[in-house]
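Please look over the model below before reading on.

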Amino acid sequence: MGASLQTFSNLFAQAEAVPEGTSYWGWFAYVGFTLLLLFGAIAYAKRGFKERVFKNPLAQAAEQMYLFIESMCVNTIGAHGRKYIPIIGTFWLVIFVANTVSLFFASAPTAELSFNLGMALIAVGYVQYEGINLHYHALRQKGRDPVTSIVFGFFLHLRHFAGPKLHWLMAIIITPMIFLIEIVSELMKNVSLSLRLFGNIHGGHEAVEAMNQLGHSAYIPVGGFLLLIKLLTVVVQALIFTLLTCVYLSLVTHHDHEEGHDAHDGHAEAPVLTPAH
Amino acid sequence: MEMIGLGLAALGVGLGLGLIGYGAMQGMARQPEAIGRLQVVMLIALAFVELVFLLTVFVAPGSFVHFAK
């Protein structure tokens with residue numbers, strides 16, 4: 001796939017006279033291509049939603065995807081997970097389409113570390129925002145003013161990192177250590193999310209190039225046999241990124257769900273069978 | 001030397017992935033109704049083990065990059 005195939009990134013890199021992979025415009029071309037595919041597919045799928053029975057195949061696929069994302073959210077986060085379907089679905093679509101681009105082209109948005117790091121920062125940042133937001137709403141329901149609610153919500157969210165309640169003598173020694181480790185692990189979530197996706201997709205490209213060397217003299221693209229494995233990787237990596245985001249969200253919101261039921265249970269948007277409490 | 005290190009890393013990750021597959025398959029065979037749940041947990045575990053290999057590859061000085069070019 002490498003130098004023999006002239007793709008966007010190569011052409012842009014040649015025009016800018018820089019080595020391939022360092023051309024930002026070449027990479028933006030892949031991002032633009034991915035977004036074009038994504039919006040085009042969604043726009044086409046949306047046209048099918050007007051019918052009473054979905055005959056448009058893309059609309060049917062979109063419906064199946066929605067059901068899949070919904071079941072993932074509800075199973076992982078709980079009954080209040082329906083609220084997070086939009087962001088999880090967005091992540092899934094972007095990663096899936098970008099990974100699919102990587103099947104056919106020499107590079108892809110998800111084969112760049114910066115794109116993945118950006119998505120991971122959004123995911124982990126959103127998790128923190130949700131953690132503070134739930135505390136904020138719980139405090140607002142109790143009649144606090146907004147500013148106090150934000151400050152208290154922030155500190156209540158920080159308490160989440162401090163580990164279990166201990167005897168004060170133990171707490172002086174152990175709680176700072178747990179706090180530090182939790183903060184570091186929170187930061188490492190970004191690294192692990194982004195590096196996993198980048199390593200899998202970029203590694204797939206490198207493996208294809210290395211295998212292409214085998215049949216290079218006979219002009220046989222042996223690396224093409226890796227397409228099936230790469231197809232599996234495409235689906236699994238999209239699944240894993242979204243699933244881990246769901247798990248992080250459930251970790252942040254689960255604690256709140258047990259304590260402050262009244263805070264966010266009266267939502268009309270969640271017609272879920274919850275027992276009376 | 002880098003090649004040996006990469007091979008060792010691949011060996012360890014192969015063993016780990018195999019163990020996960022072994023455990024998950026055994027669980028699925030014993031409780032077929034839990035297949036959906038087990039698959040999800042298995043995929044998460046696979047992702048974590050794979051990450052170790054990827055970290056090794058990136059930390060190893062230029063082994064992977066050198067290998068490809």
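What follows is a short briefing grouped by topic.

This is a predicted model, in which local features need pLDDT of at least 70 and side-chain atom pairs count only at pLDDT 80 or more, while totals for chains, interfaces and linings use all residues. Residues are numbered from 1 along each chain as its sequence is written, with chains lettered from A and ligands numbered from 1 in the order in which they are written.

**Overall make-up of chain A**
- Chain A has 8 helices and 0 strands, where helices (H or I, at least four residues) and strands (E, at least two) are DSSP runs, numbered from the N terminus.
- Along the sequence the pattern reads α-α-α-α-α-α-α-α.
- Of the 277 residues of chain A, 31% are buried, that is, 20 or more other C-beta atoms lie within 10 Å of their own, with C-beta atoms placed from the backbone.
- Of the contacts in chain A between residues at least 6 apart in sequence, 58% link residues at least 24 apart; a contact requires C-beta atoms, placed from the backbone, within 7 Å.

**Helix 3 against helix 4**
- Helix 3 (residues 57–77) and helix 4 (residues 85–104) of chain A pack at about 125 degrees, with axes 10 Å apart; the axes are lines fitted to C-alpha atoms over the stretch in contact, and angles run from 0 to 180 degrees between N-to-C directions.
- That angle makes helix 3 of chain A oblique to helix 4 of chain A; angles under 35 degrees count as roughly parallel, over 145 as roughly antiparallel, 65 to 115 as roughly perpendicular and the rest as oblique.
- A:I69, A:E70 and A:C73 of helix 3 meet A:I85, A:I88, A:G89 and A:W92 of helix 4.

**A:W92**
- A:W92 sits in helix 4 of chain A and counts as buried because it has 20 C-beta neighbours inside 10 Å.
- Apart from neighbours within four places in sequence, A:W92 contacts A:I69, A:A238 and A:T242.

**Helix 5 and after**
- Helix 5 (residues 113–141) of chain A has 29 residues and should span 42 Å at 1.5 Å a residue, which agrees with its end C-alpha atoms being 42 Å apart; the expected span is 1.5 Å times one less than the number of residues.

**Chain A with chain B**
- The contact joins 11 residues of chain A to 11 residues of chain B.
- On the chain A side, helix 7 (168–212) and helix 8 (227–259) are the elements giving two or more residues, and helix 7 of chain A gives the most, with 7 residues.

Definitions and conventions
Contact = placed C-beta atoms within 7 Å. Buried ≥ 20, exposed ≤ 12 C-beta atoms within 10 Å, placed from the backbone.
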